[in-house]
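I opened a notebook page for this structure. My entries follow in the order I looked things up.

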Amino acid sequence: MGSRGEEPCGDDRTPEHSAHGEIAASIGKAETTVRQIAHRARRRVHARRRRFEPDSDASREIVDRFLRAAATGDVRTLSGR
């Protein structure tokens with residue numbers, strides 16, 4: 001039981017060992033900053049709004065280059081050069 005009588009959550013990691021804490025330490029940001037970034041990212045993902053309308057011709061070209069690179073192993077085709 002926790003200090004207020006609630007059930008333990010099963011995650012006994014301390015804040016400095018939380019996923020956000022580990023990410024913060026690895027990228028040199030404060031844990032609160034990482035939490036805010038994650039919150040905003042989750043909100044955007046759940047909103048499922050497009051940030052822009054992709055160009056279908058450009059998208060097709062990118063997919064074609066990727067498939068060519070995957071089939072041949074030539075990653076230079078990904079740069080489009």
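Confidence. I noted that this is a predicted model, and I looked up its pLDDT before anything else. The protein chain averages 80, and 77% of the residues score at least 70. Over residues 1-11 the pLDDT stays under 50. For residues 1-11 I found three contacts beyond four places in sequence. Where pLDDT is low, the predicted coordinates should not be read in detail, and I left that stretch there.

Helix 2. I checked the length of this helix, which covers residues 31-47. At 1.5 Å a residue, its 17 residues should span 24 Å. Its end C-alpha atoms are 24 Å apart, so the two values agree. Just after helix 2, I noted that Arg48 has a positive phi of about 55°.

Helix pair. I then asked how helix 1 and helix 2 cross. Helix 1 spans residues 19-27, and its axis comes within 8 Å of the axis of helix 2, crossing at roughly 110°. The two helices are therefore roughly perpendicular to each other. I recorded the crossing as right-handed.

Contact. From helix 1, His20, Gly21, Ile23, Ala24 and Ile27 meet Glu31, Val34, Arg35 and Ala38 of helix 2. I sorted these contact residues into five nonpolar, two polar and two charged.

Terms used: Residues numbered from 1 in each chain as written. Predicted model: local features only at pLDDT ≥ 70, side-chain atom pairs only at ≥ 80, totals over all residues. Heavy atoms only, no water. Axes fitted to C-alpha atoms, helices over the stretch in contact; angles between N-to-C directions. Helix = DSSP H or I, 4+ residues; strand = E, 2+ residues; numbered from the N terminus. Parallel < 35°, antiparallel > 145°, perpendicular 65-115°, else oblique. Left-handed = near helix turned anticlockwise from the far one by under 90°. Contact = heavy atoms within 4.5 Å. Nonpolar A, V, L, I, M, F, W, Y, C, P; charged D, E, K, R; others polar. pLDDT = per-residue confidence, 0-100. Expected span 1.5 Å × (residues − 1).
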